[in-house]
Amino acid sequence: MTGLWHEAARRLRGHRRDASLIAAVRLSVLLLLLLCGRTAQVRLLPDADFTGAVNLWDLFLPCCLLFSLLAATPLRAQTIMQLGAITGLLDENDIGFLESSSRMWLWLRALHARLLGGFMLLLSAIPALAALVAAKSVWLLIPPEQEGLLPLLTVLHLLMLAAAAFLLPLRVFAACTALPYCFLKMPHASALRVLLLSFRVTRRQTAGIVMMRLLAAPWLLLPVTAIYVLPTLLTAEFIRGSRGWRHMQPRRSGRFAGLELHSA
């Protein structure tokens, strides 16, 4: 993990101004979208009870944020293309194909891949959440005066099952971090194939990806450090994806046989 970070910093050494500009634009847009969503909710719902029971209006801000993040897909697509170009992780064929393609076509395909990745991430969290809900239900059904061992063991097993089930969304999250690189390598492929490819290039890399994200998270909260950390983090994930891509090439077969590298 340290080696990836150092290599990412080395690749960005001569392009630190461009990388910092990319990070500043992305962070500024995300902050602006957050403030706009919060302001819209306060203006439209001045009397809403945010501490009481959850109702449909409480979902207004998350829906606004989701729509805003989807609307920011063109910006994300453009910035990852620029980052891949300045770091040298995209070859001439990749850059030529991307530059000759329609921007609207690229943005729509990037949006499709991002939506599919987000849907898979939400879907993967359902088993863990279901186990937690079942454990809470069993716990609440235990009478206060009863000290039976069987209900307690049931709750314990459900909690253990929930902990194990959380490994699935972590795996999907690790694969989603490779979606930008896989999309840039194969923008003409379907979103499902790009997602499957991201699972392949991040095989046995889940722990390292999650640990890197956790270590970088505190620095991303500060604007001064986020301008430096964000492009370095994205480049490190690009490097991880490129290594997995190279290792996968000689042994692709079966349903992945059609995922050939495109040419300009």
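Trainee: Is Trp105 buried, partly exposed or exposed?

Mentor: This is a predicted model, and the classes rest on relative accessible area: under 20% is buried and over 50% is exposed. Trp105 has a relative accessible area of 31%. That value lies in between, so Trp105 is partly exposed.

Trainee: Which class does Phe97 fall into, buried or exposed?

Mentor: The cut-off for buried is under 20% relative accessible area. Phe97 has 17% relative accessibility, so Phe97 counts as buried.

Trainee: What is the geometry of the aromatic pair that Phe97 and Trp105 form?

Mentor: The ring centres of Phe97 and Trp105 are 6.3 Å apart, and the planes make an angle of 65°. Pairing requires centres within 6.5 Å, and planes over 60 degrees apart count as edge-to-face. The geometry of the Phe97 and Trp105 pair is therefore edge-to-face.

Trainee: Why is the pair of Tyr181 and Phe238 edge-to-face?

Mentor: The ring centres of Tyr181 and Phe238 lie 5.9 Å apart. Planes over 60 degrees apart count as edge-to-face. The pair is edge-to-face because its planes are at 70°.

Trainee: How many residues apart are Tyr181 and Phe238?

Mentor: Tyr181 is in helix H10 (residues 179-185), and Phe238 is in helix H13 (residues 223-248). Both Tyr181 and Phe238 are buried. Their pair links distant parts of the chain, 57 residues apart.

Trainee: How many helices and strands does the chain have?

Mentor: From the N terminus on, the elements run α-α-α-α-α-α-α-α-α-α-α-α-α. The count is zero strands and 13 helices.

Conventions
Residues numbered from 1 in each chain as written. Predicted model: local features only at pLDDT ≥ 70, side-chain atom pairs only at ≥ 80, totals over all residues. Heavy atoms only, no water. Phe/Tyr/Trp six-rings, centres within 6.5 Å; stacked < 30°, edge-to-face > 60°. Buried < 20%, exposed > 50% of the residue type's maximum accessible area, 1.4 Å probe, protein only. Helix = DSSP H or I, 4+ residues; strand = E, 2+ residues; numbered from the N terminus.
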